[in-house]
Amino acid sequence: MQMTANMMRALSPNGPEPALPEQRELVDHATLYVETHFAEKITLEGAAQALLVSQSALQQTFHNKLGVSFYRFVTQRRLIAAKNLILEGRPLTSVGEQVGFSDHSTFYRAFQKEYGISPSQYRKLQAGAGG
């Protein structure tokens, strides 16, 4: 979980900003929340309530410290989990729902947008690389 947070900070276009201790703690708690709930329906409102902060504070923390919106972070975390399930051989029609996407078409579009290939193309490429 800490690795995911560090990865997102490193991917920030301007590099990670030095964080105040309370901001650092919020980032860590928020990434842990996403890590443990990504397969469920996650909203900014629900996450803010669970973390006892305002929605704007949570959104600003993600934007300022990780360089992405809260929802973008959630989507990226879900897509990472989806890639792992695809490599495990799970049916493509159910992978998206297993990682929290509302339906297969939403998952497919997000995967295609993020990686430039479809989930089935990803599976084929990985099978070819491993075999």
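**Entry 1, the model.** I am working with a predicted model.

I started with helix 5, which covers residues 70-87. I checked its length: at 1.5 Å a residue, its 18 residues should span 26 Å, and the end C-alpha atoms lie 26 Å apart, so the two agree. Then I looked up its buried residues, and they include Phe 70, Phe 73, Val 74, Leu 79, Leu 85 and Ile 86. Arg 77 and Arg 78 are on that buried list as well. After the helix comes Gly 89, and I noted its positive phi, near 90°.

The charged end of Arg 78 sits over the ring of Phe 101, 6.0 Å from its centre.

I counted the aromatic pairs next and got seven. One of them joins Phe 62 and Phe 70 edge-to-face, with 5.3 Å between centres and 85° between planes. Phe 62 counts as buried because its relative accessibility is 2%, under the 20% cut-off. Phe 70 has a relative accessible area of 0%, so it is buried too.
Phe 107 and Phe 111 also pair edge-to-face, 5.8 Å centre to centre and with 65° between the planes. They are four residues apart in helix 7 (residues 104-115), so about one helical turn separates them. Phe 107 is buried at 0% relative accessibility, and Phe 111 is buried with a relative accessible area of 0%.

Finally, I followed the ring pairs that link Phe 101, Phe 107, Phe 111, Tyr 115 and Tyr 122 into a cluster.

Note on methods:
Residues are numbered from 1 along each chain as its sequence is written. This is a predicted model: local features need pLDDT of at least 70, side-chain atom pairs count only at pLDDT 80 or more; totals for chains, interfaces and linings use all residues. Side-chain values use heavy atoms; hydrogens and water are left out. Helices (H or I, at least four residues) and strands (E, at least two) are DSSP runs, numbered from the N terminus. The expected span of a helix is 1.5 Å times one less than its number of residues. Buried means under 20% relative accessible area, exposed over 50%, partly exposed in between (1.4 Å probe, protein chains only). Rings of Phe, Tyr and Trp (its six-membered ring) pair if their centres lie within 6.5 Å; planes under 30 degrees apart count as stacked, over 60 as edge-to-face and the rest as tilted. A charge sits over a ring if NZ of Lys or CZ of Arg is within 6 Å of the ring centre and within 35 degrees of the ring normal.
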